[in-house]
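The sequence and structure are shown first.

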Amino acid sequence: MIQTRRTALQLGFAAALASPGLAQASPRRLRVLMLSDLHSPYGRLAALLARMRRVMAQPGAANLVLIDGDVFEAGNAAARRSGGVVDWAFLRALTRRATVVWNLGNHDADLANVLAPTVAMARRLGVIVLTNIRDSGSGKPEAPSEVQLRLGLPVRIVGLATPALGTYPEPLRRTLDVPAPAEWAKGHIGQPPPGGLLVVMSHAGLDADREILPMVPDGTLFLGGHNHLVL
């Protein structure tokens, strides 16, 4: 469960979740750490990782880290010139202690101007990448839009992106096909797995999330991003 208000503010959210209907003695527990919109924060990334490691080292639950888009930021000159070496090291460190799921945002191609190398590198590190973005020419998805995991309890995770093409790197925009979030959500959110947890990761922004939230089943873990709001 959340340890302190300061932890909640720094990590976004950290909770131990038990599958509904299980006995109190059940070991099937999951700790979820939720982040979004990091934007290559090199001045804070080491401290964030240290705090996350302390939280994840606590016994009694499996660790799941959810990153809801915009790991990278071309406005950070060090990130741009190094190809995001610090960001990649951060992700690599997380995969050593947790299952990491990354829903792509509009800045995640900032350093390469294409998504494929970002997705490929993340997979090599063991990060699970989600998005509902497709290539506008081939119609091929840049990554799956959902994944089903077994982390003590069944977990189904769905990810969607912002259709605001003007917020993506300019060379990439003409290659993208991003569906309207609410319309896409109607056909893809679905239900949680039996006895498990449904997670929705939306990098579509607050206006879209307002339309999506009424469609989400009770008990869903919902992570929003893109607008940089702290609620």
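## Terms and overall make-up

A residue is called buried when its relative accessible area is under 20%, and exposed when that area is over 50%. The model discussed here is predicted.

The protein chain comprises 8 helices and 11 strands, and of its 231 residues 49% count as buried. When contacts between residues at least 6 apart in sequence are considered, 68% of them join residues at least 24 apart.

## An enclosed strand, β10

Strand β10 spans residues 197-202, and because 6 of its 6 residues are buried, the strand is largely enclosed by the rest of the structure. Its side chains are divided between two directions, with L197, V199 and M201 pointing one way and L198, V200 and S202 the other, and burial extends to all of them.

Strand β10 is paired with two others. Strand β8 (residues 154-160) runs parallel to β10 and is joined to it by 6 bridges, with I157 standing opposite V199. Between β10 and β11 the chain passes through helix α8 (residues 206-212), giving a β-α-β crossover that is right-handed.

Helix α2 covers residues 45-56, and its 12 residues reach 16 Å from the first C-alpha to the last, close to the 16 Å expected at 1.5 Å a residue. The buried residues of α2 are L45, L48, L49, R51, M52, V55 and M56. Viewed down the axis of α2, these buried residues fall within an arc of 165°, so they line one face of the helix. Such a pattern can be read against the geometry of an α-helix, which has 3.6 residues a turn, so that residues three or four places apart point the same way. On the other side of α2, the exposed residues are A46, A47 and R54.

In soluble globular proteins, nonpolar side chains tend to be buried together. The largest nonpolar core in this model has 36 residues, and those with the most contacts inside it are M52, V65, I67, F90, L94 and W102. Two or more residues each are given to this core by β2 (29-35), α2, β3 (62-67), α4 (85-95), β4 (99-103) and α5 (116-124), and the largest share, 6 residues, comes from α2.

The surroundings of L94 illustrate this packing: leaving aside its neighbours within four places in sequence, L94 is in contact with L49, M52, M56, V65, I67 and V100. A second, separate core has 18 residues, including V32, M34, V101 and L221.

Most residues other than glycine have a negative phi.

H228 lies in the segment after β11 (221-224), and it is exposed, with a relative accessible area of 51%.

Notes: Residues are numbered from 1 along each chain as its sequence is written. This is a predicted model: local features need pLDDT of at least 70, side-chain atom pairs count only at pLDDT 80 or more; totals for chains, interfaces and linings use all residues. Side-chain values use heavy atoms; hydrogens and water are left out. Helices (H or I, at least four residues) and strands (E, at least two) are DSSP runs, numbered from the N terminus. The expected span of a helix is 1.5 Å times one less than its number of residues. Buried means under 20% relative accessible area, exposed over 50%, partly exposed in between (1.4 Å probe, protein chains only). The arc is that of the directions from the helix axis to the C-beta atoms. A nonpolar core is a set of buried Ala, Val, Leu, Ile, Met, Phe, Trp, Tyr and Cys residues joined through side-chain atoms within 4.5 Å. Contact means heavy atoms within 4.5 Å. Two strands pair if DSSP finds at least two bridges between them. A crossover is right-handed if, with the strands pointing away from the viewer, the path from the first strand over the helix to the second runs clockwise.
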